[in-house]
Amino acid sequence: MATATTPFPKVDIRPVSSLDSDASRLYTHIHPLLLLSTYLLQFKEIVADPESALASMLIPLVVLQLLYNVVCLPPVGSPTAKPSTTKSIGKKKPGGPVGAPISKRITTSLLASIVTILIGTPILTTLLILFGAPLTTHFRHTVLCAAHISLLAGLPLTYVHGIEMESWRRISALMLPIDEVFGAAVGTILGAWLGAIPIPLDWDREWQKWPVTIVTGAYIGWAVGKIAGRYLLHGKIIDLSG
Amino acid sequence: MPKDGSVKSTKSSNTEYASISKQWADAKAVKQLEATQSEDSVELSRRAAASLKQAEILFTVKQGLLMTWFAILVLLHVLGLYLFTSGFLLTRMVLDDTSNCTAPPVALESKLSLGNSQTGCWHPKSFDKAVVIIIDALRYDFTVPYQAPEYNLNEPPRHYHDALTVLYETAVQSPENAVLLPFIADPPTTTLQRIKGLTTGTLPTFIEAGSNFAGEAIEEDNLIAQLRTANRSVVHIGDDTWHALFPGYFNAELTKPYDSLNVWDLHTVDTGVITHLLPLMQPANASRWDFLIGHLLGVDHAGHRYGPDHAAMADKLRQMDRFLRDVIAQVDERTLLVVMGDHGMDSKGDHGGESDDEVQAALWMYSKKPFFGRRKGTDMRPPMTAKERAVGQIDLVPTLSLLLGLPIPFNNLGAPIFEAFAGRLGTNWENLSRVYRLAGAQIARYMGEYAAVRKLESTNRKQYDMATTLWGSRTDKRGSSDPWEIIHTAYWLYQKETLKLCKSLWAQFDVTSMVSGITVLALTLGVLLVYSRSIPGNLADLSPLLVRRAGIGLVLGVAAGFGVNAMLQSSSWLGMMALSTAIGGLLGSVWGLIPSAPSMSLPIPRSIFSWISVIFTLALSIGFASNSYTIWEDRILLFFLTTLSILFCAASLRQENVVDRAYGCYHSILFGVLTRLASFSRLCREEQMPYCESTYYSSSSSSTIAAWQLLIPVAIAFALPGIIKQYHQNTQSYHHSAVLWYGFAFRSALWLSAVFWLLNTADDHAWLSTYISESTMKTTKVMLAQTALGIAIAVGYSIYAWSAPFLSITTSTPTANSPPIAGLANVHGTRYLPLLTIYLAPILLLQKPLGAGTTALLAWQILALLELLSTLNLASPIGPTTLALLASFHYFTTGHTATLSSLQWDAAFIPLHTIRQPFSAILIALNTLGPHILCALAVPLIPLWRAAPREKGLMGKVAGAVGVHVAVYATWALATCLWAMWLRRHLMLFRVFCPRFLLAGVTLVGVDVVVVLAALGGLRWWGLSVGGVLGFPD
C-alpha cells in the first residue's frame, strides 16, 4: 500500500501493542473469557426477551470493556515504544507503553465509551437497516444490537485511536495493520455478518429471532478476532485491491 | 489480479488528449487540402480512406465473430437445459376427450338400454347415490387391529393403533356389507395431486402439457364432470382444494368449503364436515343430493403438527370412528358409502413422497344391502398389512363410475375393484369380465388417442387383441375352468401392463437425461470460465479459431447424432441429437482453447473482490439447495449488495486522491441506500408469511396499484433524464445526440408512460367513466403505450446507430487542465449508454409504477456502479457479478417471485388490445426479465466506462466481462438443476425447487440472448461511430 505521500496529518499506523505490565498480560486473556461467559449466562434471557436482556447486558459489557481498556491498552496519544521494524508475527513483541497515568486512562476510556455510544450506535443502526433490518418494527432491538456491536468493536478502537478523522478513515478503509484491537473490531463485524446466516432457516427455534444471532455472532467474532489479531494475524494488512 | 496499465479515471494523461486533438485538426486540414489540392494528394487521401475502410471491416468482422462465439455458448446452454428438462419435467399430454354415456368404447352385448344414466350408461348401475368420505392421510395401519411385529412381540401399540376400529369391525362382522382394503396412492402424495388421481383415474405428472399454469382446474374428463353431465347433484363439504380443481361443479347451496392450509388447526374442518354432513344423510334431505363428498383434514393436520404417535392423533381417530358409526347408521340401501385416505403419512406425520407409509392409505366400501364378495380361496377378513390384496387409488374411478351407472372417464387407467363386482359369492366371473372389458376397452381407446396425438406407435395392443379374441370366442370354448374367468384375467393383464407402461412413461424422472444435461451445463461453464478468466491477452483475437473449431465440433456432433440414432433406433431421437451436438460443440470449444493453453492460468480468485464474486455466486447456489434460502432469496441479495457497497466504500476510503475518495464514497453509499430503498418494494410469496409484508399492490387480495404510486412514473419522467445527464456532465459528454435522446425523446417516452399509468388507474377506479367511454379509454391507453414504445425503439435505435460520438470542441483555448475536446474522458461509455436506455424506456412502461420506480433506481445504481468501478479501477470479476446480483435483486423488487404465479400476464395488454404473438411474449419477457436485460446490457459498459480514448484490447475486455456475467447465471442454473435432481423426491420440489430451476433456466437463456443480440450486437454501432474518430477498437 502506498502510504508515503499522504497529505493528511500523520497518524500512527503501527499495530497497537497492549500495555507492558503483568496485569495487562493476564487480563487480556481473562477478558474474553469473562465477557463471553457473561453473555452465555445471559443467553437464555436474551432469547426469551431480547429487548430488556440486551439492554441490561450493556452494563456489564461497558464495565468489562472499560476495565480492559484501562488495564491492557494504551490510550490515544500515549508514547509508544520503538516500533518493530520486522514483521512482528513472532512471539517476541516489543514492550508496550506503560507511560500513560491511570487517571488519563480512565478519563480517556470514559470519553471513548460516550463517543462510542453516541456516534457509533446510530451509524451501526443505519448499517443494520441497510443490510435489511426491519425499519418499521423491532427498532429498539436493532438499536440495542448496534449498541452491542459498537461497544464491542468501537470502544477499544476509540480509546486507542482517538477521534482523529484520518485514523477513522484508515479504520473504515480497513487499512490498519491487524492487532488485537483492530482484529477484534473486524472480527465483531464479520461475526455479526455471519450471524445473519441462520435467520432465514425454517427451524422454528426461539434463538433465530432478531437480533439474537447477530449479537451472538458479534460476540464470538469479537473473541476470535481479538485472539487472532494478537497472535495469528498480528501486523498483517488487509488487501482490498481489485 | 492482473491489472491493466491504463488509467481509467479522469486523470488520463493530457498528452494523449493533445495527440488526439492534433490528429483531429490534421484530419480537418487534410479535408480542406483535399478540396483544393491536386490529384496527387487526392490519391494519398484515397489510400488513407482505404486503410480506414479496412480497419472498419476488420472491426465488424471481429465483432461479428465475438457474437457468433457467444451464440455457440448460448446453443450449448440451451442444449444442456433441454436435456435436463426433458428428463425432469416429464410431460403427459392432457387429452380433452370425454367419455359419453351413449358411446361406450365397445359394442355392448347386454339388453340394457343404451345411454340411459338412470339405469346405467355402459353397465347396469348398482347404487343411485354415493357418500364419499375422505379422511386425509388415513394410513392403512390406522384401520386394522394392532399386531406386534414378529421381531419384537412385546412392542406396545402406538397411539394410532386400535383407535379407529369401525372399518375393520364391520368388514369382519358382515363381509358382504363392508370391505376394507389397502389403497395405494401414486406419488406425489400431496392432497391436490391425489384428488386429481382419485377423480380422473390417471397418473399425476407435474407439468401437464396443455394445462394452464395459471389455473389449477382439472381439464381432463373426470368423475365429478361425469356426475354433472348426468345431472346429478354433487355436494362437497370440507377441504377447499376441491373448489380450486372443480370450480362451479358443486351444488352451491349445500356445499361448505373450508380453508385447508392451516395445519395447526385440527378441528375446524372436521367439525364443519360433521355438522353439515350428518343432517344431509337424513331421509328428509336425501333427495337434495346424489353424490356427497366429505373431506376431513384433522388426521392429516394432527400428523403434521404432532406426528402420528401422539395422543391428539388417537383422539382424532376416535372422533372419526364415532362420526363414521353415525354415518353408517344413517345410510340407506340405495347409497354406497366409501371411506378412504387419500394418502398416508411418514413417521413424522408428513407426506408428499413415495415411501410405503406415505402411499399406503385405506379404502372401505359399505352398502346396507349385501353386495361385496371376496375372491374364492382368500381370507374373508381384511388383510392385516398393506402388502396384501392392495388396490390402486385410480381403481376407484372405474369402480364408482360403473357402480353409479356412469361412463368411465376418458383418461382412466384403473381397473374395477374385484370385490365390488364379484357378487356375494365372489364367483360372478361374467359380471367381472364385462366390467373389465369395458375398462380395458376405454383404456385401449385412450391409448390409441394418446398415441395418435403424440405420434407414438400404438403400444401394447397385443394383450388387448388377445383378450378381445377370447371375448369373441367365449361361447365356443367350454373347458375345465370358467371361460369368463379367463376373459377377466386377460383384460386384467392388459390393464396391468398398460398401467406399468404409462408409469414408466410419465411418472419417473429420466436420470440419464438429467445427468447428461447437467454435464453439458457444467462443461460449458468450465469452458466459459477458462475463456473469460484464464487467458491473458486480447480475448477478441481468439474468436476466429474458437468459432471455426466449435463450429466444426457442432457439425460433427450433429452428424454423429444422426449416425447414433440410425444405429440405435433409440426412442429419444431428439435427446440423443441434443447430446451429441452438445458434446461436439464442447469438444470443438476445448480444441479452440488449446492453442492458448501454454499461457493459461487457473481461473482461481486472486484478490478479495474476486473471492467475493466467487463466494457470493456460490453462496446463492448452495442456498438453492435449501427451501428457506430459496424462499428468502430477495433478502439474501439485499444483504450481499449492501456488503458490496460497504466494501466499495472501504476501498474508496483508501484512495489517496481526495476527490476520488469523496466521489467513490458518495457512489458507494448511494449504491447501498438505493438498494435498501428498492427493497421496500416487495411481493411476498406464501412461504414468507407472516414475516413479510407485500407492498407491490394496493392490498394483498388485489392486483391494482395504490393511487399514491401514480406519482412514481411522474417522478421518473421528471428526474431520471436529469440523473443520466449528470453522469454525462461529469465528463463533459452531454452533446448533440445525447441531448436529443435523453433530453427529448427518452424523456417524452417517460412522460407518455406516466400518462398511461394515470389513465390506467383512472380506468381501474372508473374515475373518468362519465366523460370517456370504456373503448375510447382503452384505445387511448394503447395508443399512448405504443407511441412510447415507438419512440424508445425506433427513435432510440436510429439515434444510437447514426450518432457521432458525444464529443465537442471547446471554444476556449486549450489549457493543460481542460483538453480541447470535451467528452473524451468517457467517449466509449457515453456512446454505448443509449443502447441501455433504449430498453430502459419500454421496461419502465411495462412495469407497474412501483416496479418502474425500482427499475429507475436500478438504472441509477448501474451508473453509480460504473463510476465506482472506474474510480476504484476494479478489473476483477466483481463488476459483472455485482450486475448479476443486482438484476436478481430487482427481479424481486419488480413484483416477481420465484413462483409461476407471479408472472404478470397483464403486461402483455399494455400496448395491445389482444394477444398477438410474438409481441405478447416479448412484452411478458420485458416485464419479467427487465432487470436482467438492463444489467446484461450494462456489462460491456464496465470496461468501456471512462476507458482511455485509445485503450487497447477493449473488445477483449468486453468479451471477458460478458463471459463472467453469463458464467454467474450459468452457475445458478447449474446449481438449481443439480438440486432439482438431487431433491426430486423432496416435499417442496414443485413448490420451491422446480420453480427456482425454471427461473434460473429462463434467466440464463434470456440473458444469453440479450448478451448476444442486444449487447454484443449493439457494440457494432458503438465501434463504427467511435472508430471513425479514434481508430477502431480491437
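Over the ring of which residue does the charged end of Lys369(B) sit?

A: In this predicted model, the charged end of Lys369(B) sits over the ring of Phe127(B), at 4.6 Å from the ring centre. Chain B holds a further contact of this kind, in which Arg139(B) lies over the face of Tyr160(B), 5.0 Å from the centre of the ring.

Among the contacts in chain B between residues at least 6 apart in sequence, 78% join residues at least 24 apart. Chain B exposes about 40,600 Å², of which carbon and sulfur atoms supply 62%.

Turning to pairs of rings, the count over all chains comes to 40 aromatic pairs. In one of them, the ring centres of Phe59(B) and Trp1022(B) are 6.3 Å apart and the planes stand at 70°, so the pair is edge-to-face. Phe59(B) belongs to helix 2 (residues 39-88) of chain B and Trp1022(B) to helix 33 (residues 989-1030) of chain B, so this pair ties together parts that lie 963 residues apart in sequence. Both Phe59(B) and Trp1022(B) are buried. Another pair is formed by Tyr797(B) and Tyr800(B), whose ring centres are 6.5 Å apart with planes at 80°, so that this pair is edge-to-face as well. Here both residues lie in helix 25 (residues 774-802) of chain B, three residues apart, or about one turn of the helix. Tyr797(B) is partly exposed, with a relative accessible area of 22%, whereas Tyr800(B), at 0%, counts as buried. Ring pairs also link residues of both chains into a cluster, made of Phe131(A), Trp193(A), Phe616(B), Phe639(B) and Phe640(B).

Lys62(B) is buried, with a relative accessible area of 17%, while Asp541(B) is partly exposed at 47%.

In a further salt bridge, Glu867(B) meets Arg946(B), the closest N and O atoms being 2.8 Å apart. Glu867(B) lies in helix 27 (residues 849-872) of chain B and Arg946(B) in the loop between helix 31 (941-944) and helix 32 of chain B, so the bridge ties together parts 79 residues apart in sequence. Glu867(B) is buried, with a relative accessible area of 0%, and Arg946(B) is buried at 5%.

Helix 32 (residues 954-982) of chain B also contains Gly956(B), which is buried with a relative accessible area of 6%. Leaving aside residues up to four places away in sequence, Gly956(B) touches Asn538(B), Leu539(B), Ala540(B) and Asp1034(B). Gly956(B) and Ser543(B), although 413 residues apart in sequence, are 9.7 Å apart in space, C-alpha to C-alpha.

Notes:
Residues are numbered from 1 along each chain as its sequence is written. Chains are lettered from A and ligands numbered from 1 in the order in which they are written. This is a predicted model: local features need pLDDT of at least 70, side-chain atom pairs count only at pLDDT 80 or more; totals for chains, interfaces and linings use all residues. Side-chain values use heavy atoms; hydrogens and water are left out. Rings of Phe, Tyr and Trp (its six-membered ring) pair if their centres lie within 6.5 Å; planes under 30 degrees apart count as stacked, over 60 as edge-to-face and the rest as tilted. Helices (H or I, at least four residues) and strands (E, at least two) are DSSP runs, numbered from the N terminus. Buried means under 20% relative accessible area, exposed over 50%, partly exposed in between (1.4 Å probe, protein chains only). A charge sits over a ring if NZ of Lys or CZ of Arg is within 6 Å of the ring centre and within 35 degrees of the ring normal. Contact means heavy atoms within 4.5 Å. Accessible areas come from the Shrake-Rupley method with a 1.4 Å probe; for residues, only the protein chains shown count as cover. A salt bridge is a side-chain nitrogen of Lys or Arg within 4 Å of a carboxyl oxygen of Asp or Glu.
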